[in-house]
Every structure is written in C-alpha cells, then in structure tokens.
Amino acid sequence: MTGTTTTGSLRGVLSDLRAIDGAVYAAVAATPSPTLDAGLRRLSHAADHSKISLTVAAALALVPGRPRRAALAGVGAIAVASASANLLGKRLVRRARPDREAARVVVGRHVKMPDSASFPSGHTASAVAFATAVGVVLPPAAVPLQVLAMAVGYSRVHTGVHYPGDVAAGAVLGIGSAVVSLVAVASLTGSRGK
C-alpha cells in the first residue's frame, strides 16, 4: 500500500510541476516585450549548434596556457552536453514542443520550431556546460559566460520553443557535462587549476 501511495504522490507532484511549467510558459508568451523580442530571437538563432560558444572557444584557443585549457574544457563540455541532451534525454523523455499558436506567442519572437523533442533544452545544456567549464578554468570569464548562458536559456522560452522546465533540466545537464569535461581535461593535461 505504501508503494501505491508513493507512486500516486509522485504522479501528483509531476502533474503539479507540469501545470506550473505550462503556466510560466503562458505568462512569458502573454507578456508584451517588443523591445526584447528581436534581440532574443537573434540570440536564440545565434546559439544554434553552439555557434557563440565555439566562437569564444576559438578565440580562447589562440592564447596558450589557461585560456587554451579553458577552450578545451568548454568544447568538451559542449560535446558531452549535446550528446546527453540529444541522444539520450530527448529520446528517453519525448516531450512534445509547446504549442506556440495556442499560447499566442507573438510571431515576431518566433524562431524555427525544432523537430526534436522539447526536453531537455539542448541549447541551454550546451551554453551552461561551456560557461561552467570555461569559468572554472578561467574565472574572469565565469560571470559574463553564465549571464550569456542564462540569456540563451531564457531566449528559448521567449521564442516559444521550450517550456521553462526544459531549460532548467538543460542547465542541470550542462553543469554535469562541465564536471565530466573538467575531469577529463585535468587528467589529459595533468593540471588541476594551474
């Protein structure tokens, strides 16, 4: 009987979380923000395939020492996050993308709706993974990259292609991916913060 009660409680919690997730998504969609719409749409598009992060990594890789190690850790973190989100998370959970039309997301915010599942946000996972890994190796870059990663995550909700829960899960996945990459880079380079 306890197992049945626990299962029922878990279902209830998940149902409540889905309801909150949908309500936050709807609130973002219903909030007029014409000044932000075009910029967040461009940011979301620029983050496709980790273009922003890979550009930063390329610049960092030109500088020997810590910046180059940071680039290596960041690119490794993107690889782990992208594979985890796209090859595992999306295939296991298979959450449908939000219905932008039903939520009345302003057309001026729209980016192309991906064909993949919604959970977790791969854009967020990769951006957070990169920012976290680079920030650990190169602390002065931590705050700007984390702010950028948060903006990328929010842009995915703002443009209507993800629920907030997808973004939160992507962020957690990104942090875990950064840890994996940092451990791998430390073992490859024989350095732990030098």
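This is a predicted model: local features need pLDDT of at least 70, side-chain atom pairs count only at pLDDT 80 or more; totals for chains, interfaces and linings use all residues.
Q: Which residue meets Asp21 in a salt bridge?
A: The N to O distance of this pair is 2.9 Å. The pair links distant parts of the chain, 74 residues apart, with Asp21 in helix 1 and its partner in the loop between helix 4 (66-93) and helix 5 (100-103). The partner is Arg95.

Q: Is Asp21 buried or exposed?
A: The relative accessible area of Asp21 is 9%. A residue under 20% is called buried, and a residue over 50% is called exposed. Asp21 is therefore buried.

Q: Which residues are linked in a network of salt bridges?
A: The side chains of Asp21 and Arg95 meet in a salt bridge. Asp166 also forms a salt bridge with Arg95, the closest N and O atoms being 2.8 Å apart. This second pair joins helix 8 (residues 164-189), which holds Asp166, to the loop that holds Arg95. The network consists of Asp21, Arg95 and Asp166.

Q: What is the relative accessible area of Arg109?
A: The side chain of Arg109 meets that of Asp37 in a salt bridge (3.0 Å, N to O). Arg109 lies in the loop between helix 5 and helix 6 (122-137), whereas Asp37 lies in helix 2 (residues 34-46), 72 residues apart. Asp37 is buried, with a relative accessible area of 9%. Arg109 is buried as well, and its value is 0%.

Q: Is Leu17 buried, partly exposed or exposed?
A: Leu17 is placed in helix 1 (residues 2-30). Together with Leu10, Val13, Leu14, Ile20 and Val24, Leu17 forms a nonpolar patch on the surface, with about 530 Å² of accessible area together. The relative accessible area of Leu17 is 49%, and exposed would mean over 50%. Because buried means under 20%, Leu17 is partly exposed.

Q: What distance does helix 7 reach from its first C-alpha to its last?
A: Helix 7 covers residues 142-158 and has 17 residues. At 1.5 Å a residue, the expected span is 24 Å. The helix is close to this expectation, reaching 24 Å.

Q: Which residue with a positive phi follows helix 7?
A: Within helix 7, the buried residues include Leu145, Ala149 and Val152. After the helix comes a residue whose phi is near 90 degrees. That residue is Gly160.

Notes:
Residues are numbered from 1 along each chain as its sequence is written. Side-chain values use heavy atoms; hydrogens and water are left out. Patches are made of residues with over 30% relative accessible area and no salt bridge: like charges are joined within 9 Å, nonpolar side chains (Val, Leu, Ile, Met, Phe, Trp, Tyr) within 5 Å. Accessible areas come from the Shrake-Rupley method with a 1.4 Å probe; for residues, only the protein chains shown count as cover. A salt bridge is a side-chain nitrogen of Lys or Arg within 4 Å of a carboxyl oxygen of Asp or Glu. Helices (H or I, at least four residues) and strands (E, at least two) are DSSP runs, numbered from the N terminus. Buried means under 20% relative accessible area, exposed over 50%, partly exposed in between (1.4 Å probe, protein chains only). The expected span of a helix is 1.5 Å times one less than its number of residues.
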